[in-house]
Amino acid sequence: MRPRKSVNVAALVRSPEDEPSRPNLRLRVVGVGVAVLFLVLVLRLWSLQIIDGKSYAAAVTRNQVRVVTVAAPRGEIVDRNDTVLVTNVPEQELLLSRLTAVDDPSIIGKVATLIGQTPAQVEQSVKNDRYSPYEPVPVATNVSAATVQFLQAHQGDYPGVSVQTVTQRTYPQGGTTATHVLGFLGDITPQELTASPHAGYTQGSLAGQSGVEEQYEAYLRGVDGSQALSVNAAGTVVGTLSRRAPQIGDTVVLNIDTGLQLAVQNDLQAQILLDRKTPDVNDHNKLPPAINGAAIVLNPNNGQVLAMASSPTYDLNEWVGGISSTDYAALAASGAENNNAIQGEYTPGSTFKLITATADLQDGVYSPAQYYNDTGQFTVKPCNGAAAGCTFRDDLGDPGGEVNLPLALAISSDSYFYNLGELFWNGRGTYGNDAIQNVAAEYGEGQNTGIDLPDEVTGRVDSQPERQKLHSEDAAAYPNTSWFTGDNIEMAFGQGATALTPIEQAVSYATFANGGTRYAPQVASEIVNPTTGKVVKTIAPEVTGHVSLPAPVRDPILQGLEEVISNPKGTAYADFSGFPTNWDLAGKTGTASNPGAGTEPNSWFVAFGPNPNPQYVVLAVIDEGGYGAEAAAPLVRNIFDYLLTNPVGGVKTPTASSPPTSGLPASNVPFGTPTTTTTTTVAGSTTTTGTAATSTTTTTTPAGG
């Protein structure tokens, strides 16, 4: 056995002269060290070339290649007749590399001179943080062909400058056609960018910010492409290495009929202007301010929105290329950006009597054949906590006398509905003292309708829980949380804290018109691939609720609504004088008081027909427009005059063999319009229309409701 060698500590600290030489051991130690270092070097080279090789190669390539996004053209928006409402026009956009602008500041002055801007404007564009810091920044749009040709010939003098083709929104029927329905584009917000991290958006992307453009953004935006540009050390583009073509967005087909839409919005604006010049004979000949308004046409059998207009309005062209801060401030101050059809809240007045009448007959509170003596006022004791009671008076023009339910609706007897409000509160019915609110909920009032447009506002139906909710949100504005008999009476005829949107009330009357099925209103009909013509998505009618309307409930109410127009005592009889009797219409006026001394009432009118199988519901409201029969009813009459001679057809699906067209189909002269007509040319299409507001006979006789 060999003896075990041990470590000799003394030998380790001896000087070399005292210790025998051991060259083999030292060579082995050095060899191991060299081998370790060599192994580390090999591993590092392997890591650089094999593991990280692609990333380093890409880094080098990035110094030579600039990959830019090519925005996809947005899909078109067309109406039910294949008429193009929104499309695209190609434009040349000039871009400047941020890196070049930093390395060579003189390029800013050169570019400014080239495009007719100041250096400060170009510099502001370059510093705009809405664009990615790794891509060139747009500094000018709609660049002329001459400028593009000059750049191509003098590219070396403009390092970092490039030109790309982009598309801008354009409106063949004019930028004021269906403005609030179509909506506009704007810079994508940080919140939207965060909410859609994988949708392909960048800081410089445009996205729909209102209307159909926002609602159907996912279909309209398409799929962006890209191109790899070869650049030299100075940042000058010297060629295109590769390109991935963008995919155009889908076509959104609307239920809107453009001819009807133009008639509705023109009539709405004309009536508001006329209303401001017409003294209110019921209020010391005061001129109504007619602040704003809305008009809607629905198909009650499926919820299709055939037309929708809001006033005031604006021009969508203001948003193309970006709206200026001055123009946006003016737009916001005017309230024109607001879509009053789905965002305006108005006290409904007598149009709410449909709800109370339905609750009455469902509950058996007061027989439709039973007469009530309308003396012109209604007194209840005690009332709202006061033992002395309070007195409610009929509106001006209410003829009063002995009335049953149909006649009470026809002449808009307030006392009749005051009586119903008290009977419900005192427990006459079997459905409880909140039966009216429950029926309102069945009709969809105080709820979102589910319309396919963004930012719909929810109205409210007055009740004690609603007042408590409002008080918790704003105690100063809504100090009263109590609920007494007088409150129930006011609610029963559409006053108090009740405030509804026009679309809610249109849906309510559409539900009654079709026999009790509540549909979500729908602006769009289908989504179509523009390349293949294949229907990507069909937007089928959506049932959102039901109202029980058996014949004993529906028939007396329908009779009363028909007599609003056909009975000489009806509140809208004069407005529809001369209208064809074979087109049986039913409707309801509404004159809703507004809070505050000296304010004019809201003017409402809603009608449906032709009965017994109604195809249209037409609603109009004018804020502080005066009596329903004097402002809103003439407007609705004008719309029905148009529908008489221009019935709405079915929805046409655009195909490759039958693509959409920018031409607007010719419309017929509305019923009752004088033969003198005006011819208007809109973007290459000719439309013949009658003189505004000439087909309506307007009464100045005070009319209730």
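I'll start with helix α12, residues 258-276. It has 19 residues, and at 1.5 Å a residue these should span 27 Å; the C-alpha atoms at its ends are 27 Å apart, so the two values agree. Keep in mind that this is a predicted model. At the start of α12, the backbone nitrogen of Gly259 has a side-chain oxygen of Asp257 within 3.2 Å.

Next, helix packing. Two packed helices are described by the angle between their axes and the distance between the axes. I have two pairs, and α17 is in both.

An angle of 65 to 115 degrees would count as roughly perpendicular and one under 35 as roughly parallel, so α15 and α17 are oblique to each other. The crossing is left-handed. On the α15 side, the contact is made by Lys353, Thr356, Ala357, Ala359, Asp360 and Asp363. On the α17 side, the residues are Asp414, Tyr416, Phe417, Leu420 and Phe424. Sorted by class, that contact has 6 nonpolar, 1 polar and 4 charged residues.

The second pair is α17 with α20, residues 485-492. Here the axes come within 8 Å, and the crossing angle is roughly 130 degrees. Angles over 145 degrees count as roughly antiparallel, and α17 and α20 are therefore oblique as well. This crossing is right-handed. From α17, the residues involved are Phe417, Tyr418, Gly421, Glu422, Phe424 and Trp425. They meet Thr485, Asn488, Ile489 and Ala492 of α20. By class, the contact of α17 with α20 has 6 nonpolar, 3 polar and 1 charged residues.

Which residues of α17 take part in both contacts? Phe417 and Phe424 are among them.

Last, the backbone. Where are the cis peptide bonds I want to point out? One joins Ser311 and Pro312, with omega about 5 degrees. Pro312 sits in the loop between β12, residues 305-311, and α13, residues 325-334. Another joins Gly609 and Pro610, with omega about -5 degrees. Pro610 is in the loop that runs between β22, residues 602-609, and β23, residues 616-622.

One more backbone angle to list: Asp82 has phi near 70 degrees, a positive value in a residue other than glycine. Asp82 lies in the loop between β2, residues 77-78, and β3, residues 84-96.

How values were computed
Residues numbered from 1 in each chain as written. Predicted model: local features only at pLDDT ≥ 70, side-chain atom pairs only at ≥ 80, totals over all residues. Heavy atoms only, no water. Axes fitted to C-alpha atoms, helices over the stretch in contact; angles between N-to-C directions. Helix = DSSP H or I, 4+ residues; strand = E, 2+ residues; numbered from the N terminus. Left-handed = near helix turned anticlockwise from the far one by under 90°. Contact = heavy atoms within 4.5 Å. Nonpolar A, V, L, I, M, F, W, Y, C, P; charged D, E, K, R; others polar. Expected span 1.5 Å × (residues − 1). Polar contact = N/O pair within 3.5 Å; in protein donor to acceptor, adjacent residues only side chain to side chain.
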